[in-house]
Amino acid sequence: MKLRKAGAFVVVVSSLLMVTVAVAEEVPGVVINHIPASSQIYIGSPGIAVLPNGDYITKHDQFGPRSTEHGHAVTEVFGSSDRGASWSRRAVVQDMYWASVFTHEDALYLLGTSRYHGDVVIRRSTDGGRTWTQAKDKRSGLLIDGGKYHCAPVPVAIHNGRLWRAMEDAMGPGGWGGHFNSFMMSAPTDADLLNADNWIASKRIGRDSTWLDGKFGGWLEGNAVVTRDGHIVNVLRVETKPEGGKAAIIEVSDDGKTATFDPQTGFIDFPGGAKKFTIRFDPLSERYWTLSNPILPRHKDPNPGRVRNALALMCSENLRDWTIRSIVLYHPDIDKHGFQYVDWLFEGDDIIAASRTAYGQGDDAAHNQHDANYLTFHRFEGFRDLTMADSAPGARPGEVAWRSPDRGD
């Protein structure tokens, strides 16, 4: 008998049988932060940015029963000066939640909410994420108050002299999913982004339960994306069962004030669309790219929004037709493993990414696949040339992830 490494596992090989033993699982990528599941505080909302000096910035917020997400929510900010090889904490920012992190005119920004379903706020740092402004009023970063707002770390796009960022409110009828109303915020690129007067919001569009033949559960966590013909759209995650492979495209007017949706043409097939994803356009390949969580045949589940054990690199030429190019991260367990809410950027021929990662075994395991215990950094080299043959072990064509359980494999 001998031991042989196979991806993240140690496999015991004998002349009689081969079994996978959870001996020493190594967390994929570079661990930026770890919060044990026993703390009942979990890692959420990963984000990534690159400063003008080349430093990488990542962030996450804290959620869970022992967090302060419903009061003074906490966001942690980390920096790396060696291209992601090592990381150190730069700040702990209170009253900041679900934020996108981005750079603009030599400053670093966090744009999200003040807490779980809180106000819309923006914070600025001019020292690489070490200190941050306070969103005290409408002149210092309090953009929209007096309601319940929701978002995720999604792209802040620049188009026609404006910055664009998708948002939702949670003031519609019903519970989670149904109560989300989608809208788009925007501001001139040369404006003071901390001044609420410089921002406008589009019309808000809520859920119609009759869409998708009555299977539409809601939409959230939209992406501001520029189309090939030069318009802004909002591409959203869609809650629908049992497959969960849909996204929605809302049209936004050039002035940012109007939003429209046609349910006959606005829903698209999108592997992993029941979970949060980030879309960006690559001028070199002339394609849109994303990292999503499709459900591989072995792992079909009646709750598709919770299956997050495979991270796929996907691309599209037109935003409507998407192709899985490679499964870049994979674990065979769907209950306590997930690579989710991945925020990422192009860097030359590579993609650099921050993941909310649920991982581990025994006492080191995550609470579940949703309640992540790690923030991890990943570099996917030569992403434009990756194929399914380059997929993570276990998720390559013909391997177990692609076999239906009813085959008895």
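## Surface and overall build

The protein chain exposes about 16,700 Å², and carbon and sulfur atoms supply 47% of that area. The model is predicted. Buried residues make up 58% of the 409 residues in the chain.

The chain has 1 helix and 29 strands. Its radius of gyration is 21 Å, close to the 22 Å that the globule rule gives for 409 residues, so the chain is as compact as a globular protein of that length. Along the principal axes, the C-alpha atoms fill a box of roughly 70 × 45 × 45 Å. Take the contacts with a sequence separation of 6 or more: residues 24 or more positions apart account for 54% of them.

## Nonpolar cores

The largest nonpolar core has 25 residues. Those with the most contacts inside this core are Phe102, Val120, Ile122, Leu143, Met185, Leu193 and Trp199. Several strands give two or more residues to the core. They are S9 (97–104), S10 (107–113), S11 (120–125), S12 (142–144), S15 (162–169) and S16 (181–188).

Which residues does isoleucine 122 touch, not counting those up to four places away in sequence? Its partners include Phe102, Leu143, Leu193 and Trp199. Also among them are Tyr109, Leu110 and Leu111. Ala135, Ser140, Gly141 and Leu194 complete the list.

## Serine 67

Where is serine 67 placed? Serine 67 lies in the loop between strand S6 (56–63) and strand S7 (74–80). Is this residue buried or exposed? Serine 67 has 15% relative accessibility, so it counts as buried; the cut-off is under 20%.

The side chain of serine 67 makes polar contacts with backbone atoms. It reaches the backbone oxygen of glycine 64 at 2.8 Å. It also reaches the backbone nitrogen of glutamate 69 at 3.3 Å. Leaving out residues up to four places away in sequence, serine 67 touches Gln40, Ile41 and Gln62.

## Cysteines and disulfides

How many disulfides does a search of the whole structure find? The search finds 0.

Key:
Residues are numbered from 1 along each chain as its sequence is written. This is a predicted model: local features need pLDDT of at least 70, side-chain atom pairs count only at pLDDT 80 or more; totals for chains, interfaces and linings use all residues. Side-chain values use heavy atoms; hydrogens and water are left out. A disulfide is a pair of cysteine sulfur atoms within 2.5 Å. Helices (H or I, at least four residues) and strands (E, at least two) are DSSP runs, numbered from the N terminus. Buried means under 20% relative accessible area, exposed over 50%, partly exposed in between (1.4 Å probe, protein chains only). A polar contact is a pair of N or O atoms within 3.5 Å; within protein, one must be able to donate a hydrogen and the other to accept it, and residues adjacent in sequence count only if both atoms are side-chain atoms. Contact means heavy atoms within 4.5 Å. The radius of gyration is taken over C-alpha atoms; the globule rule is 2.2 Å times the number of residues to the power 0.38. Accessible areas come from the Shrake-Rupley method with a 1.4 Å probe; for residues, only the protein chains shown count as cover. A nonpolar core is a set of buried Ala, Val, Leu, Ile, Met, Phe, Trp, Tyr and Cys residues joined through side-chain atoms within 4.5 Å.
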